[in-house]
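Please keep the sequence and the model in view while reading.

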Amino acid sequence: MIDAIRKRRSVRAFLKKEVPEEKLKEILLSASFAPTSWGTKAWEFVIVKDAERKKALSKATAHSAFVKDAPLVIVVCYDPKTGRRFKEDSSICAEHIHLEAVNQGLASCFVQVADAGDPPGSAEPYVKKLLAIPENLRVQCMMPVGYAKRELAPHKESALDLKKIHYESF
Ligand SMILES: Cc1cc2nc3c(=O)[nH]c(=O)nc-3n(C[C@H](O)[C@H](O)[C@H](O)COP(=O)(O)O)c2cc1C
């Protein structure tokens, strides 16, 4: 597990190579194993492979341009009527997607949608309209998935900052 965590980097450049369905299935399975507040599993996923749709998605924010170059994008949505913790549940789920992508030899990046855009908050209605996501659902993020164009350096032991670890009290 620590290997995938160490290797996990935010990848923003992808090879033009399709993601095999079995790998996508494993990624979605691992997303479905994510913990949720009250066990509600209130997420919904939209898988986008269509080039025109990906191009439009990449215009959602100033930090999403590279989304169009991924072979597929998993848009992480959430039903706030079923679940109680939109941001926490969907972000943890996105991290499962990210880590299992690495485990499958793939790469991803958490691309913020909720509260993002210019003006702030405009990205979510934009993505919802584009993908015909029902009005009552929220959209936390997009997870582009593909083979990394180049490998980024893994995280190093030095990331552990002992000054930030407090025992018993701060
Ligand atoms: C909540 C959250 C939102 C993020 N939003 C974006 C984004 O919109 N676009 C992007 O390119 N990266 C985004 N990132 C990725 C971060 O920039 C990245 O995790 C950080 O720079 C550390 O790099 P690393 O993931 O390679 O360790 C986001 C990450 C998180 C956790």
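The text below takes up the ligand shell, a helix pair, the nonpolar core and a set of individual residues in turn.

The model is a predicted one, and every value given here was computed from it.

**The ligand shell**

The residues that surround the ligand are R9, S10, R12, T61, H63, S64, C109, F110, V111 and Q112. Sorted by class, this shell is made up of five polar, three nonpolar and two charged residues.

**The pair α2 and α4**

Helix α2, which covers residues 21–32, packs with helix α4, which covers residues 86–103, at an angle of about 145 degrees, and the two axes lie 8 Å apart. The crossing of these two helices is right-handed. On the side of α2 the contact is made by E26, I27, S30 and A31, while α4 brings C93, H96, I97, E100 and A101 to it. Taken by class, the residues of this contact are five nonpolar, two polar and two charged.

In soluble globular proteins, nonpolar side chains tend to be buried together. In this model the largest nonpolar core has 39 residues, and those with the most contacts inside it are V73, V75, V76, V113, M142 and M143. Two or more residues of this core come from each of the helices α2, α4 and α5 (123–130), and likewise from each of the strands β1 (43–48), β2 (72–78) and β5 (138–146).

Which residues does V113 touch, leaving aside those up to four places away in sequence? The residues in question are A60, A123, E124, V127, V139, Q140, C141 and M142. Of these, M142 is itself listed, together with V113, among the residues with the most contacts inside the core.

**The loop between β4 and α5**

Several residues with individual features lie in the loop that runs between β4 (111–112) and α5, one of them being P119. A cis peptide bond joins D118 and P119, with omega at about 5 degrees. D115 is placed in the loop between β4 and α5 as well, and its phi is near 70 degrees, a positive value in a residue other than glycine. D115 counts as exposed because it has 12 C-beta neighbours inside 10 Å, and a residue with 12 or fewer is placed in that class. S122 also belongs to the loop between β4 and α5, but S122 counts as partly exposed, with 14 C-beta neighbours inside 10 Å.

A positive phi is found again at W38, where the angle is near 60 degrees and the residue is likewise other than glycine. W38 sits in the loop between α2 and β1, and W38 is exposed, with 11 other C-beta atoms within 10 Å.

**Chain segments and separations**

M1 lies in the segment before α1 (2–7). Why does M1 count as exposed? M1 is exposed because 7 other C-beta atoms lie within 10 Å. P154 lies in the segment after β5 and is exposed, with 12 other C-beta atoms within 10 Å. Not counting residues up to four places away in sequence, P154 touches R6 and K7. A51 lies in helix α3, which covers residues 51–57, and with 9 C-beta neighbours inside 10 Å A51 counts as exposed.

| Pair | Separation in sequence | Distance in space |
|---|---|---|
| M1 and T82 | 81 residues | 31 Å |
| S122 and A51 | 71 residues | 22 Å |
| P154 and V113 | 41 residues | 26 Å |
| A51 and P71 | 20 residues | 8.5 Å |

For V113, one of the residues with the most contacts inside the core, the table gives a distance of 26 Å to P154 in the segment after β5.

Notes: Residues are numbered from 1 along each chain as its sequence is written. This is a predicted model: local features need pLDDT of at least 70, side-chain atom pairs count only at pLDDT 80 or more; totals for chains, interfaces and linings use all residues. A residue is near a molecule or strand if its C-beta atom, placed from the backbone, lies within 6 Å of it. Ala, Val, Leu, Ile, Met, Phe, Trp, Tyr, Cys and Pro count as nonpolar, Asp, Glu, Lys and Arg as charged, and the others, Gly among them, as polar. Axes are lines fitted to C-alpha atoms, for helices over the stretch in contact, and angles run from 0 to 180 degrees between N-to-C directions. Helices (H or I, at least four residues) and strands (E, at least two) are DSSP runs, numbered from the N terminus. A crossing is left-handed if the near helix is turned anticlockwise from the far one by less than a right angle, and right-handed if clockwise. Two residues are in contact if their C-beta atoms, placed from the backbone, lie within 7 Å. A nonpolar core is a set of buried Ala, Val, Leu, Ile, Met, Phe, Trp, Tyr and Cys residues joined through C-beta atoms within 7 Å. A residue is buried if 20 or more other C-beta atoms lie within 10 Å of its own, exposed if 12 or fewer, and partly exposed in between; C-beta atoms are placed from the backbone.
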